[in-house]
Amino acid sequence: MTRWTAEVRVTLRHGIADPEGLSIADALRALGHAGVEEVRSGKLIRVVFSADDRAAAEAEVSEMCRRLLANPVMEDASWDLGTEPEAVAIGSGG
Amino acid sequence: MTITRARPRVAVAVFPGTWSERDFAHVASEVLDWAVHLVWHTEVELGGPDAVVLPGGFAHGDHLRTGAIARFSPIMRSVEAFAASGGPVIGSCNGFQILTEAGMLPGALMRNDHLEFRCDWQVLRVEAPASAPAWLGDLSEGELIRLPISHGEGRYVADPRVLDDLEVNHRVVLRYADESGAVTPAANPNGSERGIAGIVNATGNVLGLMPHPERAAEAEIGGTDGLRLFRSLERWLQARPAAVERRL
């Protein structure tokens, strides 16, 4: 068994209104970022789990997304999959 | 010959974070003298009710999405089986959100378009009450009722073809309206598509609505229109042939 880390991004499907994104965009413009055209909000979910190989891990993440992590009525899910948490670590601002 | 039936028995599901179960239980037991059974979400038996209530609140903290965790609680398997056998189920507010997450009703409830929690009395227009006879049998097509709303995530969304299907099959049963009965953007408290406040499943026994009928069951607290849903159920149960009574 290998230890995997999946970073799952859950975003609103195209065409679904995102009032939080609109509100964030307004706030950014109010801060002087006049060039902001659009903001879409979403969720980042990191899952650490065990699976035999990459194919099994991919299948398992897909199932997690389908059954729980995203609601297909209004959300899409995509993910990065790595064997070490560092492998998919995201950059952070100061 | 008069057949005396037992008083209605209702099971009210309780999840961690549910907050409206006592209001439903109060109306059922104190106002109507029904038998009420509060069922903790880890239980698997509903206890043979005549109807099931999924009340409002914040089940499992609304983590991930409203209703997303609650739908996997053990009790939901029994609720799904009860509904599949034709038993009347009502999901109000968070209960509606759970019903959509469980796939028992189509669509989803999302963050209000203005991002505010909205707690107010709301006018609703009743449509196609015959589509949900157990819950709306005492109400009339086109009539206006007043019920409280209390939610931050009540914006009903679904694919246009799902919305069209709901409309064509008369499964939209409550819409947000103004005092004149007009369904307008100004009367819509959360940005729901087509002003939808409540829908029913294809077999007519599962009703989901964002408003709170249990909070409008006594004149002392502002209105009794919600009580009419309970009265509808009572009448529907009395009229139901004994042969089709469900005992799960």
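Predicted model: local features only at pLDDT ≥ 70, side-chain atom pairs only at ≥ 80, totals over all residues.
Me: What is the strand order of the open sheet in chain B, and which strands are at its edges?
Reply: Strands pair if DSSP finds at least two bridges between them. The sheet has 9 strands in the order E2-E1-E3-E4-E11-E10-E9-E6-E7, with mixed pairing. Strand E2 (35-40) and strand E7 (144-151) of chain B are the edges, each pairing on one side only. From one strand to the next, the twist averages 20°.

Me: How many bridges join E1(B) to E3(B), E6(B) to E7(B), and E6(B) to E9(B)?
Reply: Strand E1 (residues 9-14) of chain B runs parallel to strand E3 (residues 51-54) of chain B, with 3 bridges between them; B:Val10 stands opposite B:Ala51 in E3(B). Strand E6 (residues 118-126) of chain B is joined to E7(B) by 8 bridges, and this pair is antiparallel. In that pair, B:Asp120 faces B:Ile149 of E7(B). E6(B) is also antiparallel to E9(B), through 3 bridges, and B:Leu124 has B:Tyr176 as its bridge partner in E9(B).

Me: Which residues of helix H2 (residues 75-84) of chain B are buried, and what do they pack against?
Reply: A residue is buried if 20 or more other C-beta atoms lie within 10 Å of its own, exposed if 12 or fewer, and partly exposed in between, with C-beta atoms placed from the backbone. In H2(B), the buried residues are B:Ile75, B:Met76, B:Ser78, B:Val79, B:Phe82 and B:Ala83. They lie on the same side of H2(B), because they cover an arc of only 155° around the axis, the arc being that of the directions from the helix axis to the C-beta atoms. These residues pack against E1, E2, E3, E4 and E11 of chain B. Just after H2(B), B:Gly86 has a positive phi of about 100°.

Me: Where does B:Cys93 lie, and where does B:His170 lie?
Reply: Both sites are in loops. B:Cys93 lies between E4 and H3 of chain B and, although not a glycine, has a positive phi of about 60°. B:Cys93 is buried, with 29 other C-beta atoms within 10 Å. B:His170 lies in the loop between helix H5 (160-168) and strand E9 (172-176) of chain B; its phi is near 55°, again positive in a residue other than glycine. B:His170 is partly exposed, with 16 other C-beta atoms within 10 Å.

Me: Which residues have the most contacts inside the largest nonpolar core?
Reply: A nonpolar core is a set of buried Ala, Val, Leu, Ile, Met, Phe, Trp, Tyr and Cys residues joined through C-beta atoms within 7 Å. The largest has 77 residues, and B:Val12, B:Ala13, B:Val52 and B:Val53 have the most contacts inside it. Two residues are in contact if their C-beta atoms, placed from the backbone, lie within 7 Å. Leaving aside neighbours within four places in sequence, B:Val53 touches B:Val10, B:Val12, B:Ala13, B:Phe24 and B:Ile90. A second, separate core of 9 residues includes A:Ala57, A:Cys65, A:Ala77 and A:Trp79.

Me: What pattern does chain A follow along the sequence, and how many residues does chain A bring to the contact with chain B?
Reply: Chain A has 2 helices and 3 strands, in the pattern β-α-β-α-β. Buried residues make up 15% of its 94 residues. The contact takes 9 residues from chain A and 11 residues from chain B. On the side of chain A that touches chain B, helix H1 (residues 19-30) of chain A gives the most, with 3 residues.

Terms used:
Residues numbered from 1 in each chain as written. Chains lettered and ligands numbered in written order. Helix = DSSP H or I, 4+ residues; strand = E, 2+ residues; numbered from the N terminus. Axes fitted to C-alpha atoms, helices over the stretch in contact; angles between N-to-C directions.
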